[in-house]
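Here is a short tour of one structure, looking at its salt bridges and its nonpolar cores. Have the model open as you read.

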Amino acid sequence: MTAPSRESEEFEPAYHHYGPHRAGLPSLIPYFRELWHRRAFATEMSKASMRGANTSTFFGQAWLILNPLLLAGVYYLLITILRGRHEPTLFTHLTLGLFAFNLIATAASSGATSVTSSGKLLINTAFPRLLIPLAAVRTSFFRFLPTVPVYFVFHIIFLPKVWDPVQILSLYFLGTMVVFSMGLAAFFAALQVYFRDTASFLPYFIRIWMYLSPVLWLPESIGHMSKLITTIIEANPVYSMLGGYAELIQENKIPPLYMWITAGGWAIGTAVVGFLYFISREREFAVRLT
C-alpha cells in the first residue's frame, strides 16, 4: 500500500480572526525605541507624499508660496480698506503669520487623514503607527521651508532693521510650533478613525482659529480690550508661539517670559496628550479601517 502523495493530502484551512483590541498603552520605552529605529520609514513616507503632491516640481513648489502669499494680499487689501490707511509693515506681518500658521494648519489637516488613507499599509506592515502622522508633519514642515526666503524678501524691503542676532531665538518658537503640530496631527489622526467627519470639520475650525490668532492683527493691538477678552485671546495655544516668533523676527525684541513658558507648555502638553491618545488606540486602527 503506497502512501498518499503530498498533493493529495488535505490540509485544514487556517482562518485568522481580527477583533478589536482593548484600548491601552503598550510599554512606552520599547515603543519609542522602535519608533526611532523606524524613522527612515517615516522619511520615505513623507518623500512619497511630497512626490505625489508634485511638490518636487517647479509649479508645485511655486504654489506652496503663492497660495499663502495670495491670501496675505487679499487680507491686506481688506484690512487696508477697513482701516483707510496703507501700512506696508502690516503686509510683512501677514506674510510671516500666514506662512507660520499654515505650517500648523497643514500638519493638522494632513495628519487627520493620514491614518484613514493608509488602510492597506496598516494591514500588511508592522510598524509603530505614530510614524504615519509624524510623516505628515515632516511633509508640512518641508512645504513650509520654501516660504522662509520669500518672507525675508519682504522683510528686507519693508522693515528698517534687517538683521539682528536676537532673531536666532525665533527658532525656539518655530520648534514649539513643530512639536505642537505633531501632537495635533496624532490626535486628529486617531479621532478621524472613529469620527470620519473630523477632516471635514477641521477647515472651519482652523479658519476661526486663525482669526483668533495674531496673524491678521498684531499682539499689541489687543491692549485696549477688556481683561476678560485679553485673557481668552492669550489662552489661545498659538498666541504665544506666533506672537513670540513675530516679535523676535520683526521687532528684534525679546518676548515676555510668559510667552516662552506658555509656548513651550502648550507644545509639550499637546504632544504628550496627542501621542498617548494615538498610541492607546492604534491597535484598533486595522480593524476599524477594514
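## Salt bridges

This is a predicted model, and it holds four salt bridges. One of them joins E34 to R38, with the closest N and O atoms 3.0 Å apart. E34 is partly exposed at 31% relative accessible area, and R38 is likewise partly exposed, at 29%.

Another salt bridge links the side chains of E44 and K47, at 4.0 Å from N to O. Both residues sit in helix α2 (residues 39–52), three residues apart, about one turn of the helix. E44 has a relative accessible area of 44% and counts as partly exposed; K47 is partly exposed too, at 35%. E251 and K253 also pair through their side chains, with an N to O distance of 3.2 Å. Here E251 is partly exposed at 35%, and K253 is partly exposed at 41%.

## The largest nonpolar core

The largest nonpolar core has 57 residues, and F101, M177, F180, V238 and Y245 touch the most other members. The elements giving two or more residues to this core are α3 (58–83), α4 (88–114), α6 (131–144), α7 (147–158), α8 (170–194), α9 (198–211), α11 (237–250) and α12 (257–281). The biggest contribution comes from α4, with 14 residues.

Leaving aside residues up to four places away in sequence, M177 touches A100, I104, M241, L242 and Y245.

## A separate core

Definitions and conventions
Residues are numbered from 1 along each chain as its sequence is written. This is a predicted model: local features need pLDDT of at least 70, side-chain atom pairs count only at pLDDT 80 or more; totals for chains, interfaces and linings use all residues. Side-chain values use heavy atoms; hydrogens and water are left out. A nonpolar core is a set of buried Ala, Val, Leu, Ile, Met, Phe, Trp, Tyr and Cys residues joined through side-chain atoms within 4.5 Å. Buried means under 20% relative accessible area, exposed over 50%, partly exposed in between (1.4 Å probe, protein chains only). Helices (H or I, at least four residues) and strands (E, at least two) are DSSP runs, numbered from the N terminus. Contact means heavy atoms within 4.5 Å.
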